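Welcome! Have a look at the sequence and the model, then work through the exercises below one step at a time.

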Amino acid sequence: MLAALASAQAARDPATAAHCTRVTDLALSLAAWMGWDPVELERLRVGARLHDIGKVMISQRILGKRGPLSPQELAEIRTHPTAGVRLIAPVAPAQDAIPYVLYHHERWDGTGYPTRRPGGDVPEGARLLAIVDAFDAMTSTRPYRRALPSYHALAEIERCSGTQFDPELSQAFLRAWNAGAYTAAAAI
């Protein structure tokens, strides 16, 4: 069933599916570097792969828009975490992915969405996912902008540590980057 969800996402929005694959690789690399156990890694793998599944419910016109989003379009985009939970909740093997899908856009300072939950109240895996998700979004070409160089994205992770991102996890991400932990992402 999980493979079917991923296939449906890839058929509707190949760019988002590719993003989810890269995010999964980055997340698993960081978590393995941090010493997460195999059970936690498997939950993370499923959660990372499905984190943007709710975007299948978003208008393709909005997902592919080249210019800035209107407030209404931004509001629609921000429904994808809750839409994703509605999609996967009936699928028993996806139950462990719900926190990743629901909370990956929450911020450490409590100004994220959809719940405005502060960082300490967000599960660690979702906080980790928020960092690698943002890194991949910044370093990938999007319809509305070119990819940023890695050094810009790394500086942004550093700058947003303690506001957007969990400070400990963002520092772990940066240390793992400097240690070369992500060069083996495809091996996990």
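**Exercise 1: Helix H8**

Helix H8 is largely enclosed by the rest of the structure, because 14 of its 16 residues are buried. Here, buried means under 20% relative accessible area, exposed over 50%, and partly exposed in between (1.4 Å probe, protein chains only). Helices (H or I, at least four residues) and strands (E, at least two) are DSSP runs, numbered from the N terminus. The model is predicted: local features need pLDDT of at least 70 and side-chain atom pairs count only at pLDDT 80 or more, while totals for chains, interfaces and linings use all residues. Residues are numbered from 1 along each chain as its sequence is written, and side-chain values use heavy atoms, with hydrogens and water left out.

Solution: 

**Exercise 2: Two packed helices**

Task: Describe how H8 packs with H9.

Solution: 
- Step 1. Two packed helices are described by the angle between their axes and the distance between the axes. Axes are lines fitted to C-alpha atoms, for helices over the stretch in contact, and angles run from 0 to 180 degrees between N-to-C directions.
- Step 2. For H8 (residues 124–139) and H9 (residues 150–159), the angle is about 145 degrees and the axes are 9 Å apart.
- Step 3. Now find the contact (heavy atoms within 4.5 Å). H8 brings Ile131, Phe135, Met138 and Thr139, while H9 brings Ser150, Ala153, Leu154, Glu156 and Ile157.

**Exercise 3: A residue after H10**

Task: Is Tyr182 buried or exposed, and which residues does Tyr182 contact?

Solution: 
- Step 1. Tyr182 sits in the segment after H10.
- Step 2. Its relative accessible area is 10%, so Tyr182 is buried.
- Step 3. Leaving aside neighbours within four places in sequence, Tyr182 is in contact with Leu26, Ser29, Leu30, Phe173, Ala176 and Trp177.
- Step 4. Tyr182 and Ser29 are 153 residues apart along the chain, yet 5.9 Å separates their C-alpha atoms.

**Exercise 4: Backbone exceptions**

Task: Which backbone features stand out in the loop between H7 and H8?

Solution: 
- Step 1. Most residues other than glycine have a negative phi, and most peptide bonds are trans.
- Step 2. Pro114 lies in the loop between H7 (98–103) and H8. A cis peptide bond, with omega about 10 degrees, joins Tyr113 and Pro114.
- Step 3. Arg116 lies in the loop between H7 and H8. The phi of Arg116 is positive, near 60 degrees, in a residue other than glycine.
- Step 4. Arg116 counts as exposed because its relative accessibility is 52%.
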